[in-house]
Every structure is written in C-alpha cells, then in structure tokens.
Amino acid sequence: MEVASPARWVPQAEGPEIAFFDTETTVPSRKGESYSLLEFGAILVCPKRLVEVFSYSTLIKPADLDAISVASVRCNGITRESVGSAPTFADVADTVYAILHGRVWAGHNIVRFDCPRIKEAFSEIGRTSPEPKGLIDTLPLLTQRFGRRAGDMKMASLATYFGLGRQSHRSLDDVRMNLEVVKNCATVLFLEASLPDVLSVATPLDELPITRTNTNMASPSNETSVLVAHIEEMKLDSSNARTAQSYTIIPIDEGSSGFSGYLEPDEVLTQHITVSPLPFGQFAKTAVFHKDVPLHLCCTSMKICFGVSTKFLDSAGRPKLNIVVEVPEKLCKVLEQCDEMALKMSMESGSISQWRPLVKKDGYVNQPTVRIHIPTVANGDRVIYSTEIYQRELSGNIQKLVFTKVDASELDSLFIPGHKLDAFFDLDAYDYQQNAGIRLVARRLVLHSK
C-alpha cells in the first residue's frame with residue numbers, strides 16, 4: 001500500500017530539499033543471507049525552515065515471502081499478510097528514485113544500513129541506484145555533538161530521552177521521529193551554548209558505570225568507592241606530583257587492594273550464569289548474572305600482551321583506552337559462557353547487529369586473549385581514570401597510583417608486555433552502530449613488578 005501526502009507538486013529528482021528516509025527490512029536468520037526491503041518511508045524537508053513539504057511511504061512485497069521470519073516480525077511488526085498485496089520494489093522504484101536522487105540524504109544510521117539496502121534493491125532489478133549530493137547520518141553526528149547522554153544513542157533511546165514516545169519501527173513514523181530528535185538536540189545545544197557556565201552538563205556522574213547490586217552490604221558499593229576516590233584525587237594539588245609523571249604513589253595496607261563481591265573463575269558455576277535486562281533509569285541494559293546477582297570477576301596474574309591502545313575515540317573525542325591480556329583456561333570458559341548467553345538474548349530480541357566475540361583465539365598470540373577497557377571520567381575540562389590502579393612491588397608491598405590527568409603514553413609505560421597484573425572487572429554488554437557484544441571494564445588493576 002502506497003501513501004503519499006497530498007501535495008501541490010510531485011517531487012522531481014535533484015531538488016533542494018533534504019530527504020529524510022528510513023527502510024524496514026527482513027532480519028537475516030543465518031550467515032550470508034541478504035536483507036529484503038519491506039517498507040520505505042521518506043519526507044522532504046525545507047532545509048531553511050525544517051518544514052515538511054512532502055511525505056511518502058509504501059510497503060514492499062519481497063521476492064521471497066518466506067524471508068519474513070519470526071525475528072523479522074518481532075522487529076517491525078510487518079507480516080507476510082501485510083505485504084501480500086503490496087507492490088514490489090520494481091513497482092515503486094521510479095518514485096523512490098525521484099525522492100532520493102540528487103538530494104541531501106538524512107537518517108539515523110543510514111550510512112551503514114539504509115544506504116546499502118537502497119543500492120542493493122536497485123541492483124536486484126537492474127536499475128541505476130539514486131545518488132545523494134550529501135549525507136547526514138544523525139547517529140554519528142548526534143553522538144559526536146550531543147554526547148552519549150541518551151545511552152546507546154539509538155532512535156528508541158533518543159525518543160525516550162526527549163519524551164517523544166515509543167519508536168514504532170515503521171518507516172514514516174521513524175523518519176518523523178528522527179527529525180524531532182534532531183530539532184530537540186539542536187535546541188539543547190543552542191541553549192547550552194548561550195549559557196555554558198549555567199547549563200553545562202559535564203559532571204563526574206555523567207560517565208560513571210551503572211549502579212550494580214553490592215554483595216557486601218556492610219561496605220559502600222564499588223561505584224561509590226570509585227566516586228569518592230575521584231573526589232579525593234580532584235583535591236590533590238598538582239604540585240605534589242613528580243615532575244616526570246602525573247601521578248603520586250601512596251603505600252597502602254596489604255589487604256586493601258581487594259574488591260568484595262568479585263569472583264575468581266573457580267568460584268563461578270557456568271550453569272548458574274544468566275543474562276537479562278537490568279533497569280537503568282528510563283532504559284534497560286543487558287547484564288550478566290551469577291546466581292541472580294550481577295557478575296563481577298577477578299583474575300590474578302594475567303599476562304599483558306599489548307600495552308595501552310588509543311585507536312578508537314569516544315563521543316567526546318577522548319581515546320578509548322584498553323589493553324590486551326592472555327586469558328587463563330578457566331576464565332576463558334566463564335567468559336565464553338557469558339558470551340553465548342548474551343548472544344542468544346541479542347538474537348531473541350531481534351537485534352541485527354554483528355556480534356563481536358569477547359575472547360579472541362587467533363590473531364595475536366597462541367593463547368586466547370581479551371581486551372580490558374580502562375574507562376575515564378570527565379571533571380570540567382579535566383579527565384581522570386575511573387579504574388583504580390595499583391602496583392605490587394617484588395617485596396609484596398602494594399602502592400596506589402593516584403593520577404591527576406589522563407596520559408595514554410604514561411599509562412602505556414606502566415603496562416609492559418610480558419608483565420602480569422591482577423584484574424577486577426565488570427561485564428558490560430553493548431549494541432551500538434550495528435555492532436554488539438560484551439566488553440570487560442576494569443574497576444581495579446594491580447600491576448606486578450618484574
């Protein structure tokens with residue numbers, strides 16, 4: 001069924017309007033299976049006034065109705081019956097071409113998903129694909145300019161953040177929601193730029209990890225301890241730091257470097273590992289549990305394979321710091337079980353993101369390896385580590401390294417390949433920009449002197 005807005009004109013290719021568009025597709029059920037278009041929706045917007053001047057949506061009958069699987073219906077609600085009498089893509093290709101060709105294209109995650117689907121659809125019918133004169137992908141744009149204020153920055157999360165209602169996963173509704181999200185983000189940024197000192201949103205709390213259940217109720221939560229440590233570090237006079245480094249060394253008691261509630265691999269029973277949504281404000285975040293308690297892990301004497309990597313940047317332009325370590329066999333089994341359970345939930349939820357295995361068994365060394373992430377937290381115009389870092393001397397004495405700033409090169413000099421460390425970490429599931437998986441987030445690292 002085609003629906004076009006009543007308009008005084010029919011759009012021709014190469015117009016001045018911005019074409020916001022979205023596609024709904026089947027969900028591939030096995031590796032190598034292609035996507036099939038089920039719906040196309042677009043609005044043409046005046047770039048000067050952001051006024052909608054034309055809209056169009058149509059269901060599309062795929063060549064193979066059996067491609068519409070249960071996962072596909074769960075994702076967008078489009079059934080085989082819904083498209084049984086709908087036009088094929090060949091029937092609507094002229095209209096789609098006229099709407100898109102020669103205009104600026106805009107949409108959420110269109111570079112990685114919708115644009116390839118359009119090109120594939122035209123290729124399948126032997127037609128030349130429309131070409132944009134410019135691209136605006138609002139997913140990376142808003143992530144860069146607006147930051148990760150809405151969690152994973154998916155359309156559903158952004159809509160919830162701004163109180164715009166639930167995402168319907170239908171093309172025309174999602175396109176209009178996308179435009180409203182862009183307007184809201186732009187307005188917030190405009191207001192903050194007007195009074196940056198008053199309306200600034202950068203606080204140490206913004207990037208703290210989610211609060212988890214603490215198994216030791218007699219002591220503060222791990223996250224609270226981290227925050228207290230941050231506040232104490234902020235009060236340090238930088239003049240106390242050594243000239244050659246941005247951290248001070250504080251001797252501590254032998255037993256102070258442990259974390260309560262963190263299990264060693266021997267203490268984990270894989271049959272008791274479960275994965276389920278964990279409420280987080282207005283959102284839900286997938287969490288890994290062990291005996292109905294959020295799973296926190298620790299492992300001693302892990303061998304460092306590669307020092308600190310700064311290859312990727314976060315939404316604020318800061319390096320995403322991580323190290324690569326060898327994984328002992330017992331920990332490897334635990335992590336693989338967590339990975340398997342999280343992947344199953346991801347598939348059942350209808351996610352079409354590519355799953356990134358947690359444990360890497362080839363490519364680096366002969367042993368299984370894993371990345372451990374070292375998060376940072378903002379404090380105004382300064383950034384410090386969220387991870388507590390300690391050093392164990394040959395004598396057995398333990399010293400805490402208190403940093404006053406983030407310096408990747410300096411940190412890399414501490415994480416020497418071949419040396420060992422004790423790691424206390426959480427398992428953080430993610431699904432972002434068509435990639436999904438579990439990452440290990442370090443809460444405390446104890447470096448061994450060699």
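Contact here means heavy atoms within 4.5 Å. Helices (H or I, at least four residues) and strands (E, at least two) are DSSP runs, numbered from the N terminus.

Before you start clicking: this is a predicted model, in which local features need pLDDT of at least 70, side-chain atom pairs count only at pLDDT 80 or more, and totals for chains, interfaces and linings use all residues. Residues are numbered from 1 along each chain as its sequence is written, and side-chain values use heavy atoms, with hydrogens and water left out.

**Stop 1: H3 and H4**

Select residues 89-100, helix H3, and residues 110-124, helix H4. Show the side chains of Phe89, Ala93, Val96, Tyr97 and Leu100 in H3, which meet Ile118, Ala121 and Phe122 in H4. What classes do the residues of this contact fall into? Eight are nonpolar, none polar and none charged. (Ala, Val, Leu, Ile, Met, Phe, Trp, Tyr, Cys and Pro count as nonpolar, Asp, Glu, Lys and Arg as charged, and the others, Gly among them, as polar.)

Now look at the axes, which are lines fitted to C-alpha atoms, for helices over the stretch in contact, with angles running from 0 to 180 degrees between N-to-C directions. Those of H3 and H4 come within 11 Å and cross at roughly 130°. That makes H3 oblique to H4. (Under 35 degrees counts as roughly parallel, over 145 as roughly antiparallel, 65 to 115 as roughly perpendicular and the rest as oblique.) H3 passes H4 in a left-handed crossing, meaning the near helix is turned anticlockwise from the far one by less than a right angle.

**Stop 2: Phe21**

Next, pick Phe21 in strand E2, residues 18-25. Is Phe21 buried or exposed? Phe21 is buried, with a relative accessible area of 2%. (Buried means under 20% relative accessible area, exposed over 50%, partly exposed in between, using a 1.4 Å probe and protein chains only.) Leaving aside neighbours within four places in sequence, the contacts of Phe21 include Phe40, Trp105, Asp114 and Val175.

**Stop 3: H5 and H7**

Select helix H5, residues 138-146, and helix H7, residues 171-194, which pack at an angle of about 20° with their axes 11 Å apart. H5 and H7 are therefore roughly parallel to each other. Thr138, Leu142, Arg145 and Phe146 in H5 meet Asn178, Val181, Val182, Cys185, Val188 and Leu189 in H7. By class, that contact has seven nonpolar, two polar and one charged residues.

**Stop 4: strand E17**

Jump to residues 388-392, strand E17: four of its five residues are buried, so E17 is largely enclosed by the rest of the structure. Which strands flank E17 in pairing? (Two strands pair if DSSP finds at least two bridges between them.) E17 pairs with E20, residues 435-448, in the parallel sense over five bridges, and Glu388 stands opposite Arg444. Four bridges join E17 to E18, residues 398-403, running antiparallel, with Tyr390 partnered by Lys400. In the hairpin of E17 and E18, five residues lie between the strands, and Gly396 takes a positive phi near 100°.

**Stop 5: Leu411**

Finish at Leu411 in helix H11, residues 408-414. Leu411 is buried, with a relative accessible area of 0%. Beyond neighbours within four places in sequence, Leu411 is in contact with Val308, Leu321, Ile374, Tyr385, Ile389 and Phe403.
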